[in-house]
Structures are given as C-alpha cells and as structure tokens.
Amino acid sequence: MEYLLLAALVLAFPVIAIVALVKASNLRTDMQRMALRIAALEANRPAESSGPAPAGALDPAPDPTPPGPSVVAKLWVDPPEDQTPTPEGAIEPPPAPVTPPAPATPKASFEERFGTQWVVWIGGLALALGGVFLVRFSIEAGLIGPGVRVALGVLFAAALIAVGEWARRKGNLAGFVAPPKVDIPSILTAAGTMAAFATVYAAFALYGFLSAAMAFILLGLVALATLGAALLHGPALAGLGLVGAYVTPLLVSSEEPSYWALYLYLAIVTAAAFALARMRLWRWLAVTAVVFGTLWTFPGIDYLAVEAVGAHLFHVIAGFALAALLIVSGLLFGPSAEPGKIDEVSSGSIAAYLFAAACLTVATDHSGASLIVFALMTAATVGIAWRTTAALWALPAAALLTIFVMLEWAAPQIYETLVLPAGVTSNAIAGPSTGSGLHLALGAAFAALFGLAGFAALDDRFNVARDARTALIWSGTAVVAPIAILIALYYRVAQFDRSIPFAIVALLLAALYGYATELLSKRAPRPGLAGASAVFATGAVAGLALALTFALDKGWLTVALALMVPGIAWIAEQRPLPALRYLAAAIIALVVLRIGYEPRIVGNDIGTTPIFNWILYGYGVPALSFWTAGVLLRRRADDVPARMADSAAILFTVLLCTLEIRHYINNGDVFRTSTALAEIGMQVSVGLAITIGLERLRVRSQSVVHNIGALVIGGATFLAILFGLLVTVNPMFTGRPVGDGTFFNLVLLGYGIPAILAAILALIAQHSRPLAYRVVAATTAVTLAIAYLSLQIRTIYHGPFLARGITTDAEQYTYSATWLVFGVLLLVAGFLLRSQPTRMASAAVVALTIAKVFLIDMAGLTGIYRALSFIGLGVVLVGIGWLYQRLLFPAKVPPARDIKPDGQE
C-alpha cells in the first residue's frame, strides 16, 4: 500500500504539469483562432470612405503563406470551414486573384531516399542503441564504476540533444543544407532523449543512486522535455524517442527486476506519449503508446508473486486513467468529438487496458484485488461510453471481456469435475473450491450495470442513444451481457443440473425484458427505438428459454437455444431489423456446433427406450423450431439466415431419423459399428421418405435449400441402395437370416418398402424433374422390386437362410413367371399413367426375363417346367405386342376419314 501511495504522489507532479501544458496550448490555439477570425471579419468590412473606390483599384493581395500548424486548431478530424454569412448591406470583396498551382514536386528516387532519409533514421537509432550497449559493455567488463557510467550517460544524452538543437536552429549540419524531408536534428534529439531515459532508469533501478521519488521526478522531467522537443522537431522525435523509452527496460535489465519501478517508469512515459499525441493530434502515436502499454502488462504474468500483483494492477489503472484523461474524444482533456461519430482510437484505447485487466484477473486466479479492479474499470468504461459516443465501441468490448472472465471462472469447475476420479478414489484429489460469493455478487452487479445502463440510454431525457446504431449497441449489450453472465453462473454453481433458483432468475430476467419492450413500444418514434424494442423482445424470449432449461434436466440448454430461433424469427417479422435475422443465424450455428461436439447431447444418459429418448427431444424440438423459423424468415426474404434455418431443419430431421434408427437397432449405442440389413433398409426408407417430402415442399417454397437438400439426400440414398442393399448387406452374399416370417421379414423391410417409396418418388418427379432424374428413380424402383420378388421367392423355398440349399426347377420357373407378370403389370401401369419411363422399365424387365428363359431355363430346366417357361413367355410376348399395336401404335386409318387414333399421348 505504501508503494501505491508513493507512486500516486510521484505520478501526480508530471501529470499536473502535462495537464497545465495541454491547457496552455489549448488557450494559445483558441487565441490564435480568435485573432484569425477577427482579421477575417475586418477584411470583409466595407471601406469607411465618402465615395466608392476608384475604378481599377485592387485589394491588397492575400498572404500566400498559409498559417502554420500552431495557428490552426485541429481535432481528431478536420474542423468544418467557416461559413459565416456576409452581413446584410455589406459589399462583398472581389474574388482573390487566382494564383497558378505550384509545380508538382518530383518523386524522390531510391538513391535520394537512401542517402538523405534512411541512413539518417538508422544512424539515429544506432546512436541511441550504441549508448545503451556501451553502458552494458562497461557493466559486463567492469571497466568503470557505476557513478562514471551514469555520468557518461548523462553527458552522451546532453551532447546529442545539444547537437540536435544546434542543427535545428542553424538549419544545416556541417555546412550542408538539409533536404526538406530529412530530419537530422529530430533524429539526434530523439537519440539523446532515449539515452536520457535509459540513464535515469539505470541510476535508479540498477545502482540505487536515486530514490524512487527523485528518479521518477527526473523521468517525468525527461518525458516533459521530450514532449516540448517533439513539439518543435515533429513526429520523428516522438516516434524514436518515446518508442525507445518503451523499449529501454528491455535493454537495460536487472537480475532482480522491480515491477513497481518498471510500471512507475512506464506510467510517466505513457503520460508523456499521450500528452504529445493529444497536443499534436497524432493518432498513430496514441495507438503506438496504447499497444506498448498493453503489451507491458504481460511480462511475468504467468508466475506473479503476491507483491507483484499490485504493481501490475497499478499499470493497467494508470494506463486506463491516462487514456480517459487525454485520448478519449469529448472527455476531459481529450480532443473534441464529432457528434454521433464513434472514434476507433478512443474506443480502442479504453478497451485495450480493460483487456489487460481481464487477462490479469484470469492470470491471478480471480484474486479479490484483480476482480475489484476489473469491475471498477468496467463500470468506468460504461460511464465513459455514456459520456461520449466516441468511445462507444468500448461498451460491447467491456461486455465481451466480462463474459470472458465469468466463463473462464466457470470453466475450471466443469473441467475438474469431469476429470476427477470416481468410485473409492473420488476423494483422493481435492475437489474444486465451492466459494463463489464474490463472483455471484459481481455477476449480479455486472448484469445490472449493463442492463440498466442499456435501457436508460434509450431514454430521451439523457440523450445518449442519438441514432439507430447507438441504440442498437446499447440495447444489444443490455441483453447479451446479463444472459451470458447468468449462463456462466449456472454452469459454475449448478453444473448442468436442474436449478429452480436459476430458473426463477431467468424468468425474472425475461419479465424485465418484456416490460422494457412494452415501455419502449409506448414511446414516441425516433431512430433506433424500434430496433431496440426488438432486441429486448429477443431477450425476453431468451430468458424464457433459459428458464425452461434451468428448470428441467440436462441437455435442455441446446433445446432452449433452438427454441429461441423461432421466437427471434417472429420478432424479426414484426420488427424488420436485419440484425435480428443474423442473430437467429448465429444461434443456429451455435446449436449445430453443440451437437457436433456431442451428438448424444446428454452423453451416456441418452436412455435405452426406443423413440422416446433424448434423441427425440434433443433433435426433434430443434428440427421443429428450425422448420418454423425457416417459414417465418422466408416471408420477408430468402436470404442467408432463412437458408441457414432451412438447412438446419433438414439436417436435424435427417439426424433425428438416422440416430433413432441406430439407437433402436444397437440397443442405445449410436456409436456402435454395425451394418445390418434391417438398419440399412430403414435408413434407405427414411431417406426416400425425406426426399419425397422435400420434392413436394420445394415446388411450393421455390427454395434453393429444399432443392439442394432433395438432391443431396436422394443421391446419398441411391448410393446406400447400390452399395448397401444390393451388395454389402444382401442376404444372398452375407448368409445372414432374414427372419422367420414368410412374407413379413427383413426382405420386405429392406427391399419391398424402399421399392414402393422409390416408385412414389418417380411419380412425384414426373412433372418437376428432368427426364434423367425420373429414369434413375424409376430404374431404382424396378431394381428394388426385382430384388424383393427374387429374395421373397428364395425365402419361400429356402426359409430364413437364403444362401443354403440348391435351386430347384420349380424355383427357377417361379422366378421367370414372377418377373414376367411384374413386367406385364409395369406395362399396364405405364399405359394407364401415360408414362414412358414406366413402359421402358417394363421393357427392361421383359428383356431380362427373355434373357433368363433362353440362357438359363432352356439349359437348366427339364420336363414340364421348361415347356411351361417357353409357352408362358411366348403368350406374354404376343400379348404385349397386341397391347402396343392396339393402344400405343394403332394401324393408320385412311386420310379421308380424318379420325384421330385413340390412346395417343
């Protein structure tokens, strides 16, 4: 504590000096602007004379020299031009004579850049590093004592600064006129200031020649001197000198570093950098200082001692305070802010130090001091965003970092619970700490902070959310942060189990969001209010879903997230805010990732009951939710969110059916490796049924997702039929039994039902798909039907084991007769349906029968069966010819009668 008080007192002196310098510079700038304004007004006044000016008289020529940068007051953005109207009755002065534009400056060549610029910059850096390395060499070699080293460092720094100032005043160096883009005086001065920083720091941290107060007073003086010199020498000095000051602690190191000395030094350097960036409005310098200041938080962060935590906390607090004091536009001594504009530098500087505080909180295992500091900085960030819109992007950054801290606190509890041993050794390793009082209090405070601030910002009395984007940021933060914090606390405390208290809190949160939606809907319309109402309504839906999740058993969080999607889609339909549609898409992606991580959703607790198990709830409810959301989202546009909802609906429907089948066949083990005829047959039937449904749906919806889904699922099912049913699990090849039933057996399940479904698909696609698609569907149906009839005949003759026994003449004749009858039935169906693919399938079956009769039956059959086979084939073929001649291709009638043939397609 005494170090912290001393640091605050010491740091106050240079900070006060910097603030005074900034105020003086601002007053000087305001006086110069006022002088210019008065001069402009006097130039526009009419001449005080009794008569008009003589003809041909000219106004004095304007001064072609523009005012210097010290005369023109600037912001982070350029100020608007003065558009003061001419007083009524005044005589407007004649326009100024047009001066020809100055000739364009020729572009410098590589040799000119190298010889006049690059070597100077590198030389300045080499001088500074040479001084540092000279001190280091003297230490390692023991050539001179510490006092002499410090004295030589002071002389070296003074010499460089003196030469730089002399060169600046003379305007030349060694008799050569300096080219306009070369900044040799600035380079020399920058090297001198860097050497001065290193010398003072070494005298304090390495040798103990200076006390803490004296060392940092001197460092503050060096920083102020660098600030004043940079105002004269320009950005080269600022870049090299101050960046070098940040790097100095890396070059001048110690075996026993002091974090307090380091961070007090960095606080003074950061204050000088921010003040210089503010006075000269150098955005790049502010960003560089913020980046270096944030990176200096991480040295030694993984193994912090107790006494070092305070120094690290002081560093992030000092950087945060200095950024708020000097960098944030529209706040305290920062630049003027443009109304309604969010400034990246202002937001990023605050968010960067808050990020450092969050990392420090995690690194210290959520110690009390780091948590309190992070909470105070988060509250300050909300206050800064409330005060100036320029820092508004820091608000969602603060919410995300808060969520990160809370989730990181919750994650170790879950991880340790999963990896701790069970059984008799369950107490061998100490379990995770159950102390969570501080986090619960902070979680509630964070939720209240973001929620109340976000809602209050939409009140017209405060005039905080002035446009649609600002209102969306405030309302989005007010909804997302409390819900995410509640989920993190639920994970930590309840560990995925039921929790009625958390369900009550979620229900209360939903009621508050619903009430906020009602209040906002009653206010006078203004930009962003409708969108904010939609965001709070979405929060109400999310709260209800979480209440259901917390009140029920494990795995309901996935279901709750899925139930949020149709609710958000309905709100997006009532309030057409594009962000809501993409929010629904983001939640869909989150649910898909969740089931990809663990398809069983609840792990081994999936249950063994067929159909009514966790697969039905975990996939059926999301599938129904996504189907509903797809319909609602497509009412306005068939865009990416709508297509994501339709795609997820198809995916979850397929997974629901597939996993339920696997669960049923494998007694609850969906990950078991198995290839059974029953499973493949059921999967094929489900695939064909889903394809039929999507074919009907795509005609009405005209959705590209439904079209692609039908093609993909149909193609996958066709491959399963070709390589699965006909080859891999074919009972003629595997030798496995097909069941004891004569007709109701696995042959019916694996081939009969899929054949009927494939035929229905071919009929449905008759008027909506190309001929090639219909031919493939019809061929698949016929192939499955032939396979079913053949295997069923085999079952009648051989029982459940189809691969056993010999094929008798009666069996061979039955194959031929059955195929022939099936071909005739297909032909009749083709005539009735006026379907050419069906008639062509009939022709293929008849051709197959003819080949069998002449190649197999004629050689293999004997006796009456061979005769009956040929007689039956002949009769059928003659009958087929008669049908074709009578119905499809009748004889041509004489032209005079002018009678159209019957049955023509």
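1. The largest nonpolar core of this predicted model has 155 residues. Phe-274, Trp-474 and Phe-626 are the residues with the most contacts inside this core. Helix 14, spanning residues 468–494, supplies the largest share of the core, namely 15 residues. A second, separate core has 30 residues, among them Ile-721, Val-729, Val-738 and Leu-826.

2. The surroundings of Phe-274 deserve a look in the structure above. Leaving aside residues up to four places away in sequence, Phe-274 touches Ala-286, Ala-289, Val-290, Gly-319, Leu-322, Ala-323, Leu-326, Ile-327 and Tyr-353.

3. For the chain as a whole, the protein has 28 helices and two strands. Of its 905 residues, 44% are buried. Among contacts with a separation of 6 or more, 73% are between residues 24 or more positions apart.

4. Thr-381 is found in helix 11, which covers residues 368–387. Thr-381 counts as buried because its relative accessibility is 1%, where the cut-off is under 20%. With residues up to four places away in sequence not counted, the residues that Thr-381 touches are Phe-320, Ile-350, Leu-354, Ala-394 and Ala-398.

5. Helix 20 (residues 640–665) packs with helix 22 (residues 704–728) at an angle of about 30 degrees, and their axes are 9 Å apart. Helix 20 is therefore roughly parallel to helix 22, since angles under 35 degrees are classed in this way. Their crossing is right-handed. On the helix 20 side, the contact involves Arg-643, Asp-646, Ser-647, Ile-650 and Val-654; on the helix 22 side, Val-704, Val-705, His-706, Gly-709 and Ile-713. By class, the residues of this contact are five nonpolar, three polar and two charged.

6. Helix 22 also meets helix 25 (residues 771–798): the two axes come within 12 Å and cross at roughly 30 degrees. This angle makes helix 22 roughly parallel to helix 25. Here the crossing is left-handed. Leu-711, Phe-718, Ile-721, Leu-725 and Leu-726 of helix 22 face Tyr-773, Val-776, Thr-780, Thr-783, Leu-784 and Ala-787 of helix 25 across the contact. This contact comprises nine nonpolar and two polar residues, with no charged residues.

7. As for handedness, helix 22 takes part in a right-handed crossing with helix 20 and in a left-handed crossing with helix 25.

Terms used
Residues numbered from 1 in each chain as written. Predicted model: local features only at pLDDT ≥ 70, side-chain atom pairs only at ≥ 80, totals over all residues. Heavy atoms only, no water. Core = buried A, V, L, I, M, F, W, Y, C linked by side-chain atoms within 4.5 Å. Buried < 20%, exposed > 50% of the residue type's maximum accessible area, 1.4 Å probe, protein only. Helix = DSSP H or I, 4+ residues; strand = E, 2+ residues; numbered from the N terminus. Contact = heavy atoms within 4.5 Å. Axes fitted to C-alpha atoms, helices over the stretch in contact; angles between N-to-C directions. Parallel < 35°, antiparallel > 145°, perpendicular 65-115°, else oblique. Left-handed = near helix turned anticlockwise from the far one by under 90°. Nonpolar A, V, L, I, M, F, W, Y, C, P; charged D, E, K, R; others polar.
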